[in-house]
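Please open the model in a viewer and keep the sequence panel beside it.

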Amino acid sequence: MAAAIALSLLLPVLGRVQLKMLPFDDKSEFQVLVDMPAGTPVERTDAVLGALGAHLRTVPEVVDYQHYAGTASPINFNGLVRQYGLRTGGEVGDIQVNLVDKHRRKAQSHAIATRVRPALQAIGRRFGANVKVVEVPPGPPVLSPIVAEVYGPTDEGRRQVAQAIRAVFERTEGVVDVDDSSIADAPRTLLLVDRRKAALAGVPQAAVVQTLRAGLAGDAAAYLHDGSKYPAAAVVRLAEADTGDLDALLQLGVRSAGGRVIPIRELVRVSDSLREQPIHHKDGLPVNYVVGDMAGRVDSPLYGMFGMRSAVRAVPAPGGAGLQEYFVRQPDEAYRRFAVKWDGEWQITYETFRDMGAAYAVGLVLIYLLVVAQFGSYLTPLIIMAPIPLTLVGVMPGHALLGAQYTATSMIGMIALAGIIVRNSILLVDFIDLQLRQGVPFGQAIVDSAIARAQPIVLTGLAAMLGAFFILDDPIFNGLAVSLIFGIFVSTLLTLVVIPLLYYAAYRHRFEAAASVSPEEHTS
């Protein structure tokens, strides 16, 4: 039994059983996010969205789609959790894809999204766009399935480390939809008002700014009073063809104090620079994010994360110091040393299995105390609870046999199995005690218990297994069904053998010694 339990625990280590927080649910939608280089005009982003939409029209499961250029789609769960609702600017795009009802298609939404991702990303690469296919997460919200948080004392150092980690993400097999929180170097032109010239010409700085704003975004010069409640504005601005032309903007004039119109070109200095990098904070610490997802044969983010660990640890940190690595808490020396903290689905999985494991342990302690109170013994409850680990012999091979992932619902099934197995053990031990009180020999009582209690134990276990078959095809509760079906099947059969043998081994010497004493000696 110990060898069987050990082999069952090796299945996740060998990759025969994948560990995952929750499997993908079968939804009726997914999103396609498009990120163009910073400063890209919205017209070019719209052209990329059109090319992506043309491919989506060829997907038989797609009913319709809506694309949004320069703005986010209507807020949804992903928009709330992953802040997609804040996306704005000419370089961002969003496609909301609606699928055929799940009862009218054979493929699940995750399989469809995985199938269309390579073609959509190939189209995006032709336009220089980063295309990500995003599904509605089935469980607790995370920024992305795989998240590497980069902490460090300098902004540029964090960006360099994040770029190096992103390169590790991109060359790791199975990791897709890679992105980071920085933006590509994009040119920015600064128009600095020459205060001395403006003062000599009698031109307020505010007049220069107002004229530039009117040229770029337009300005309401007057209102049409036609008797309506809200008068229409007469907006003055440059022609569409000239809005991107710096020379046309600098030719605009402002009126001086003497009434002379002076071109803005004579009052400003043109300075070329780069757009500022965004700065993100988490719990008060500046941080850069590198995100990714898993797709393919192994779609659990945990395996992708642990597969990249060695390469990420080899990333050189600015200053020559090594890159520290954290898993469950933020770094303490984020202002002195560079460090990476793994987040995303890993953090949720760790916290969930930690808390459920603690609840499992508390449940076992309570079961032990209850059985101690029932039988008045400290050893008998240990015998009764001994078959609980035997559920692993059914649960893990069952997941491997059906190709199911071990998820949080699988853990819930194992917790439920503890109560079921203890109930079976109590039935056997209680019958043994009943037989012994009736004067049946110890060995015969052991055998009779397995014979008499086998039928009710098997029937109740079979009823629980049949009930679990109804949720076996549910994408979320599949793990619960597998745990119950295989765990009950194997542990029930083993309980009928293990409990009598353990009880016999534990109390054999006591009853043999009592049987060897003659009635006269016992009376005296």
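The model shown is a predicted one.

**Confidence**

Begin by colouring the protein chain by pLDDT. Its mean is 87, and 97% of the residues reach 70 or more. Then select residues 518–524, where pLDDT stays under 50. For this stretch the model has 1 contact beyond four places in sequence.

Select Q83, in the loop that joins α3 (77–81) to β3 (88–99). Although Q83 is not a glycine, its phi is positive, at about 65 degrees.

**Helices α1 and α12**

Show helix α1 (residues 2–13) together with helix α12 (residues 391–402). Their axes are 9 Å apart and the packing angle is about 35 degrees. The crossing in which α1 passes α12 is left-handed. On the α1 side, display A4, I5, S8, L9, L11 and P12; these meet L392, V393, M396, P397 and A400 of α12. By class, this contact comprises 10 nonpolar residues, 1 polar residue and no charged ones.

**Helices α9 and α10**

Turn to helix α9 (residues 301–313) and helix α10 (residues 345–375), whose axes come within 9 Å and cross at roughly 110 degrees. How is α9 oriented relative to α10? Angles of 65 to 115 degrees count as roughly perpendicular, so α9 is roughly perpendicular to α10. The crossing of α9 past α10 is left-handed. Select P301, L302, M305 and F306 in α9, then E345, W346 and T349 in α10, which they meet. The residues of this contact are 5 nonpolar, 1 polar and 1 charged.

Select helix α13 (residues 408–437), a run of 30 residues. Just after α13, inspect G439, where phi is positive at about 90 degrees.

Which residues of α13 meet α14? They are R423, N424, L427, L428, D430, F431, I432, Q435 and L436. Their partners in α14 are F442, A445, I446, D448, S449, A450, A452, R453, I457, T460 and G461. Sorted by class, the contact of α13 with α14 holds 11 nonpolar, 5 polar and 4 charged residues.

Key. Residues are numbered from 1 along each chain as its sequence is written. This is a predicted model: local features need pLDDT of at least 70, side-chain atom pairs count only at pLDDT 80 or more; totals for chains, interfaces and linings use all residues. Side-chain values use heavy atoms; hydrogens and water are left out. Helices (H or I, at least four residues) and strands (E, at least two) are DSSP runs, numbered from the N terminus. The expected span of a helix is 1.5 Å times one less than its number of residues. Axes are lines fitted to C-alpha atoms, for helices over the stretch in contact, and angles run from 0 to 180 degrees between N-to-C directions. Angles under 35 degrees count as roughly parallel, over 145 as roughly antiparallel, 65 to 115 as roughly perpendicular and the rest as oblique. A crossing is left-handed if the near helix is turned anticlockwise from the far one by less than a right angle, and right-handed if clockwise. Contact means heavy atoms within 4.5 Å. Ala, Val, Leu, Ile, Met, Phe, Trp, Tyr, Cys and Pro count as nonpolar, Asp, Glu, Lys and Arg as charged, and the others, Gly among them, as polar. pLDDT is the predictor's confidence in each residue, from 0 to 100.
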